[in-house]
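Let's take a walk through this protein chain together. Keep the picture in view and look up each residue as it comes along.

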Amino acid sequence: MIHTRNNIRFEAPAGTEDIVQEVFDEDVYRVGTIPRGSVVVDIGAHVGMFALRCAVERACHVYCYEPNPANLRVLRENVRAYASIHVTEAAVGLVRGLRTFYATPRTAESSLYHKANGRRVVGLNVAREHR
């Protein structure tokens with residue numbers, strides 16, 4: 001269990017310390033610039049670090065899309081206590097339908113695009129992006 005200085009608690013897979021550092025210490029997503037109460041879409045939500053920051057620090061309503069089954073289990077547990085965070089099991093792309101998903105050992109690197117070290121997870125739903 002990871003505890004941040006602003007009292008956000010969550011689980012994260014081993015080997016993702018760099019992502020925790022980017023989201024919480026380096027603030028690469030500039031969460032403080034998001035207007036309070038905004039609606040935020042987190043595509044490829046991983047385990048919910050960005051979503052949690054948005055909900056806790058900026059009182060945002062967050063819609064998470066996460067296709068990786070391993071991440072999804074952790075994401076749902078991490079955000080369970082936050083009614084303002086909604087999780088959808090899907091990737092997001094230009095075309096709705098079923099696609100092959102490539103899950104990698106480092107779950108943050110999984111993709112709809114083939115990677116040499118990825119294993120196939122067939123039958124992944126892809127939600128169409130809204131324009």
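The accessible surface of the chain comes to about 7,700 Å², and carbon and sulfur atoms account for 50% of that. Keep in mind that you're looking at a predicted model. Of the 131 residues in the chain, 40% are buried.

Now for the layout. The chain has three helices and eight strands. Starting at the N terminus, you'd read the elements off as β-β-α-β-α-β-α-β-β-β-β.

**Helix H2**

Have a look at helix H2, residues 49-58. Is this helix mostly covered or mostly open? Covered: eight of the ten residues in H2 are buried. They are Met49, Phe50, Ala51, Leu52, Arg53, Cys54, Ala55 and Arg58. Arg53 and Arg58 are on that list, and we'll come back to Arg53 in a moment. The cover over these buried residues includes the helices H1 and H3 (69-79), along with strands S2 (9-10), S3, S4 (61-65) and S5 (85-88).

**Salt bridges**

Side chains of opposite charge can pair when their charged atoms come close. In this chain, the count of salt bridges is four.

| Pair | N to O distance |
|---|---|
| Arg5 and Asp25 | 3.4 Å |
| Asp27 and Arg53 | 2.8 Å |
| Arg80 and Glu77 | 2.7 Å |

Start with Arg5 and Asp25, whose side chains meet in a salt bridge. Arg5 sits in the loop between strand S1 (2-3) and S2, while Asp25 belongs to helix H1, so this pair ties together parts that are 20 residues apart in sequence. Arg5 counts as exposed, with 72% relative accessibility.

Next, Asp27 and Arg53 form a salt bridge. What does this one tie together? Asp27 is in the loop between H1 and S3 and Arg53 is in helix H2, so the pair links parts that are 26 residues apart in sequence. Asp27 is partly exposed at 24% relative accessible area, whereas Arg53 is buried at 6%.

Then there's Arg80 with Glu77. Arg80 is exposed, at 62% relative accessibility, and Glu77 is partly exposed, at 44%. Some salt bridges share partners too: Asp27, Arg53 and Glu57 are joined into one network that way.

**The largest pocket**

Finally, find the largest pocket, which has a volume of about 430 Å³. Which residues are closest to its centre? Out of 24 lining residues, those are Ile43, Gly44, Ala45, His46 and Glu66. By type, the lining splits into 15 nonpolar, six polar and three charged residues.

Helix H1 (17-25), strand S3 (39-43), helix H2 and strand S6 (91-93) each supply at least two residues of the lining. H1 gives the most, with three residues.

Terms used
Residues numbered from 1 in each chain as written. Predicted model: local features only at pLDDT ≥ 70, side-chain atom pairs only at ≥ 80, totals over all residues. Heavy atoms only, no water. 1 Å grid on protein atoms, 1.4 Å probe; cavity = no way out; pocket = protein on both sides within 12 Å on 5 of 7 lines; lining within 4 Å. Points joined across faces, edges and corners; volume = space filled by probe spheres on them. Helix = DSSP H or I, 4+ residues; strand = E, 2+ residues; numbered from the N terminus. Nonpolar A, V, L, I, M, F, W, Y, C, P; charged D, E, K, R; others polar. Buried < 20%, exposed > 50% of the residue type's maximum accessible area, 1.4 Å probe, protein only. Contact = heavy atoms within 4.5 Å. Areas by Shrake-Rupley, 256 points an atom, 1.4 Å probe, with all protein chains shown as cover.
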